[in-house]
Amino acid sequence: MLNPGVAESFRRVGQDLRSWTPGEAAPVLAVRAAFGISVAMSAVALLGHPGWGPAAIMGAWLGGVALLTPGTRTGPSLPIVIGAAGALGLVLGAIDQPIVLVAAAAAYAFILTFIGSVSHVAGVTFTVSGIIFFLADHLTIDTTIGFAALAVCAGGAVQSVMALLPPYYRWAEDRRTLADAWRALADEAAALAADPNAPFQTETLVEAARELDRRRVLPAAILEARRQIYAVSIAIGRTASARARADAQDRDTVAFYSEALELAARLLGHFSMRITARKPAELDWDALLDGLSQNPMATATGTMPTEIGGLLRTLHETGGFAERITAGGDEVVADPALAHATSTARQAVGQLRARLHRRDPVIHHALRRAGVIALAMTIGLLWPSEHGYWIPLTAWLVLQADFAGTLTRGVTRAVGTTTGVVLASLLGLLLPADQLWLSLVVLAYALVAYLLRPVSMLVFAAAVSGFTVFQIDLSGESPVLAAFDRGVCTLVGAGLAIGFYVLVPTWQTRRLGDLLGDLIDSYRDYARLSLDRQAHPADYDRKVMHAAIDRIRSRRAALGTAADQAKAEPIAGPGPLSGDVLGAEAALSRAGRALVAVNATLGRDEKAVGLAGVDTFADAVDAAYLRLAALARGADAPGGVDLSQAVHRLDLRLAAIEDRSTRTRRNVLRWESDNLVEALDDVALLMADWNG
């Protein structure tokens with residue numbers, strides 16, 4: 001029987017080969033980037049095809065690729081950064097001494113991979129600009145290193161100018177990012193409408209919030225909407241908690257809360273489309289509220305429950321932000337440039353410093369990439385033809401941080417490149433050897449690659465190979481021989497990357513226990529803050545609470561990503577497997593839902609009265625989380641805690657309180673403390689056999 005991880009890997013390879021997402025295409029951006037290539041090619045032709053011409057065209061090509069990479073902004077700064085980083089790579093890649101060049105390649109790969117881990121944009125920038133390093137020898141044949149480096153910068157500058165041409169998309173990426181956050185909240189509301197104990201799914205929300213927080217300049221409406229994400233999430237959680245408490249009552253009440261959550265999902269979905277669509281549909285609030293008000297529960301009481309009323313008010317505020325964003329003309333809020341740059345640099349340095357230890361997966365990936373590039377560079381230098389540089393170039397593009405990503409990217413790129421080489425070779429035999437025809441073919445390949453970059457990696461790889469074949473042919477080489485040699489080098493580079501990962505792996509399966517332990521620690525912090533708020537409301541710090549929530553979301557996203565990658569790995573334990581940690585995380589999410597409901601009973605009221613007995617219960621919960629974290633990591637766990645007795649004592653203390661102003665809080669706490677204890681007991685049962 002085939003190993004489940006191997007079977008999953010093959011499934012993902014097939015899925016990537018068949019992937020076709022035309023909705024992701026950006027034709028306007030693709031045409032604009034291709035126009036930048038044509039400008040660079042025209043300038044080179046008018047100047048009589050100087051020796052630095054290929055470097056300028058390559059700089060423009062890479063600047064366009066960066067602008068078409070999903071998740072990057074379309075502003076003019078990125079192509080300039082790509083050009084500058086590419087120029088530095090060209091200077092290093094032009095070193096004459098083979099031994100020094102191999103050492104420089106390894107160091108270059110390690111540094112770019114390590115620094116590129118700071119953010120998505122940094123990763124794209126360094127991956128794209130790193131390509132120039134491996135093309136340096138080819139781009140400096142007929143010119144000096146200095147002129148070639150300046151030409152790469154000039155090519156990036158051309159694409160920077162293209163980014164300024166209409167239509168303008170200054171805030172388009174920020175709108176899409178905010179829309180992603182709203183869609184994530186909509187999905188959460190829809191899931192909770194069906195099941196109030198649905199696991200948290202906040203990876204998209206985490207990434208969207210993180211990207212918006214990195215922006216120095218934003219319209220006030222987007223900035224305020226970003227800050228309101230917490231309020232929307234809390235309002236959805238309060239309504240879901242009320243729906244869960246109503247399960248023991250009657251179906252009409254459950255249906256009422258479910259309808260409110262479904263309405264929230266529709267509204268958030270509408271808001272996300274409103275700020276990204278060219279012609280957004282109008283929203284009739286009266287019609288929506290009329291539908292909700294016709295529910296038997298609303299007509300019987302004549303009022304909306306507090307939780308639903310709070311949810312609707314929050315969503316109405318969200319709708320106001322969406323309207324302001326769509327209308328435009330809002331005030332632009334900008335942090336001081338120097339302060340923002342200093343803060344960003346400080347955070348990046350802190351993030352990198354925290355990763356400087358031998359167990360960090362980023363360090364593993366950077367070292368692995370340095371090793372495979374050094375090996376591929378050595379083979380490329382010893383290759384009998386002039387196209388050996390495609391071996392380290394392919395290895396650079398193929399090697400990913402996880403096994404499934406490396407295998408998928410390697411197979412897709414190898415198949416796409418081989419197909420593109422064959423087609424380009426046939427086309428090269430049919431076309432006349434005329435400069436104009438060859439230039440038009442290069443431009444056509446560039447346009448196809450730009451159009452299909454976000455649509456299909458397979459077709460994109462084929463188009464890139466065709467672009468390069470004809471770019472080489474413009475230098476006077478045989479297209480058939482160059483294409484065949486490049487295809488062989490591509491297969492060798494892809495095989496090196498995949499084989500090197502198997503020999504020097506970072507299996508995510510081995511990390512799952514530690515990642516789950518980190519997540520449990522974050523839940524423990526949140527539990528302590530939520531329960532302390534009930535016992536000592538005056539000590540509540542909103543920023544500390546939001547930071548704790550962000551840590552949970554970030555670590556849950558890290559665990560979810562690692563579990564997904566581990567699912568496709570051809571190994572088993574020791575320790576928990578992907579399905580094990582996901583089951584435990586689902587139970588932890590139920591405990592988290594209970595804490596969210598408890599925390600939401602106070603709102604922003606800092607003058608509330610503290611509840612007796614909560615401190616003792618919080619200590620017991622804290623000890624339970626500590627034990628679960630130790631079990632997850634495979635460490636010696638402290639003694640067990642009798643949570644049933646702790647919650648029983650809390651129930652007695654709360655029942656003895658006669659203050660009518662705290663009755664709702666006490667009822668919610670008594671209900672949710674039972675749910676919390678039940679969920680934590682389930683987590684302990686799931687983990688019981690992990691280290692046996």
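Over which ring does the charged end of Arg453 sit? That ring belongs to Phe460, with the charged end 5.2 Å from its centre. This briefing looks at a predicted model, in which local features need pLDDT of at least 70, side-chain atom pairs count only at pLDDT 80 or more, and totals for chains, interfaces and linings use all residues. Residues are numbered from 1 along each chain as its sequence is written, and side-chain values use heavy atoms, with hydrogens and water left out.

**Charges over rings**

- A charge sits over a ring if NZ of Lys or CZ of Arg is within 6 Å of the ring centre and within 35 degrees of the ring normal.
- Besides the Arg453 and Phe460 pair, Arg533 lies over the face of Tyr540, at 3.7 Å from the ring centre.

**Aromatic pairs**

- The whole structure holds 12 aromatic pairs (rings of Phe, Tyr and Trp, the last by its six-membered ring, with centres within 6.5 Å; planes under 30 degrees apart are stacked, over 60 edge-to-face and the rest tilted).
- Trp182 and Phe271 make an edge-to-face pair, because their ring centres are 6.1 Å apart and their planes meet at 65°.
- Trp182 lies in helix 8 (residues 172-194) and Phe271 in helix 11 (residues 251-274), so this pair ties together parts 89 residues apart in sequence. Helices here are DSSP runs (H or I, at least four residues), numbered from the N terminus.
- Trp182 is buried at a relative accessible area of 0%, and Phe271 is buried at 1%; buried means under 20% relative accessible area (1.4 Å probe, protein chains only).
- Tyr108, Phe133, Phe134 and Trp396 come together in one aromatic cluster.

**Nonpolar cores**

- The largest nonpolar core has 88 residues, and Trp61 and Tyr450 have the most contacts inside it. Such a core is a set of buried Ala, Val, Leu, Ile, Met, Phe, Trp, Tyr and Cys residues joined through side-chain atoms within 4.5 Å.
- Helix 3 (residues 53-68) gives this core its largest share, 11 residues.
- Leaving aside residues up to four places away in sequence, Trp61 touches Ile37, Ala446, Ala449, Tyr450, Val464 and Phe467 (contact means heavy atoms within 4.5 Å).
- Another core, of 54 residues, lies apart from it and includes Leu531 and Tyr540.

**Helix 27**

- Among the buried residues of helix 27 are Arg665, Arg666, Glu672 and Met687.
- The buried residues of helix 27 pack against helix 10 (220-246), helix 22 (512-535), helix 24 (578-600), helix 25 (614-633) and helix 26 (643-655).

Conventions: Helix = DSSP H or I, 4+ residues; strand = E, 2+ residues; numbered from the N terminus. Buried < 20%, exposed > 50% of the residue type's maximum accessible area, 1.4 Å probe, protein only.
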